[in-house]
Amino acid sequence: MRKPPIIHATRDVHDSHFLHVEQLDLEFSNGERRTYERLKGSGLGAVIIVPMLDDETVLLVREYGAGVGRYELSLPKGRLDQDETAEQGADRELKEEVGYGARKLKILHNLSLSPSYMTHMAHVVLAQDLYPERLEGDEPEELEVVPWKLDNLHELIARDDVTEGRSIAALFMAREYLAGRFNP
């Protein structure tokens, strides 16, 4: 297991280069008025990829999560670049984070991160018919790629280092789609 990075400083940021707080003055159908705040992303959207090495094996990545202060096992994901479709972004992120491209990409659904206070949405993309290809990414260190059998999702979600809800939901969506029980 890798040693976590050293935190040299923390500070509050009112707005960052990719998030800012927005206030909404709302009036509900019963006449009640409230002001809500939400984090508004400035990006073009994001993708979370379910890369299938074969019909039973998904490829996960172990990556440092600054929000939880430890390494987490999850699906590869990333922000879309300018003029990039979800499929193109998924293929690029897959090459950067996992070292594979995909000949077959299918959008399964969209997931919100926290719809009560964030605008962020991510496309869930199933990637199949993988082939080795690596692009240089923006990660500060190489990500460990961990193969996992879809039949063992119950063991995966019981792990202490698997807490990212979007990854868990996307894995179940992919499993149900591949079994013919979910047709987006």
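This tour walks through a predicted model, one selection at a time.

**Stop 1: the sheet**

Select β3 (46-51), β6 (77-79), β7 (100-112) and β8 (121-132). Together they make an open sheet of 4 strands. Read across it and the order is β6-β3-β8-β7, with mixed pairing. The edge strands are β6 and β7, since each pairs on one side only. Neighbouring strands are turned by 25° against each other on average, direction ignored.

**Stop 2: strand β3**

Now keep β3 alone. Is this strand covered or open? It is mostly covered, with 6 of its 6 residues buried. Show the side chains. In a regular strand they alternate between the two faces of the sheet. Here Ala46, Ile48 and Val50 point one way. Val47, Ile49 and Pro51 point the other way. Both sets are buried.

Bring the partners of β3 back. On one side is β6, which runs antiparallel to β3 and is joined to it by 3 bridges. Pick isoleucine 48 and look across to lysine 77, its bridge partner in β6. Then turn to β8. This strand runs parallel to β3, and 6 bridges join the two. Valine 47 has histidine 123 of β8 as its bridge partner. Further along, proline 51 stands opposite alanine 127.

**Stop 3: the helices on the sheet**

How many residues of α1 are buried? The count is 10 of 12, so the helix is mostly covered. Among the buried ones are Ala86, Gly89, Ala90 and Leu94. Charged side chains are buried here too, including Asp91, Arg92, Glu93 and Lys95. The buried residues pack against β3, β4 (57-65), β6, β7, β8 and β9. Just after the helix, select glycine 99, which takes a positive phi of about 85°.

**Stop 4: a salt-bridge network**

Select Asp81, Glu84, Arg92, Glu93 and Glu96. They are linked in a network of salt bridges. Zoom in on one pair. The side chains of arginine 92 and aspartate 81 meet at 3.2 Å, N to O. Arginine 92 lies in α1 and aspartate 81 in the loop between β6 and α1, so the pair ties together parts that are 11 residues apart in sequence. Arginine 92 counts as buried, at 14% relative accessibility. Aspartate 81 counts as partly exposed, at 39%.

**Stop 5: a buried glutamate**

Go to glutamate 139, in the loop between β8 and β9 (144-149). Which residues does it touch? Leaving out residues up to four places away in sequence, they are Glu63, Glu93, Glu96 and Glu97. Glutamate 139 is buried yet has no salt bridge. The nearest side chain of opposite charge, arginine 134, is 7.1 Å away. A salt bridge needs the nitrogen and the carboxyl oxygen within 4 Å.

**Stop 6**

Most residues other than glycine have a negative phi. Two aspartates here have a positive one. Select aspartate 83, in the loop between β6 and α1. Its phi is near 60°. Aspartate 83 counts as exposed, at 72% relative accessibility. Then select aspartate 129, which lies in strand β8. Its phi is near 55°. Aspartate 129 is partly exposed, with a relative accessible area of 45%.

**Stop 7**

The structure holds 19 salt bridges. One of them joins glutamate 22 and arginine 38, at 2.5 Å, N to O. Glutamate 22 lies in strand β1 (residues 19-27) and arginine 38 in strand β2 (residues 33-41), so this pair ties together parts that are 16 residues apart in sequence. Arginine 38 is partly exposed, with a relative accessible area of 29%.

End at arginine 70, which forms a salt bridge with glutamate 72. Their closest N and O atoms are 2.9 Å apart. Arginine 70 is partly exposed, at 32%, whereas glutamate 72 counts as buried, at 7%.

Notes: Residues numbered from 1 in each chain as written. Predicted model: local features only at pLDDT ≥ 70, side-chain atom pairs only at ≥ 80, totals over all residues. Heavy atoms only, no water. Buried < 20%, exposed > 50% of the residue type's maximum accessible area, 1.4 Å probe, protein only. Contact = heavy atoms within 4.5 Å. Pairing = 2+ DSSP bridges. Axes fitted to C-alpha atoms, helices over the stretch in contact; angles between N-to-C directions.
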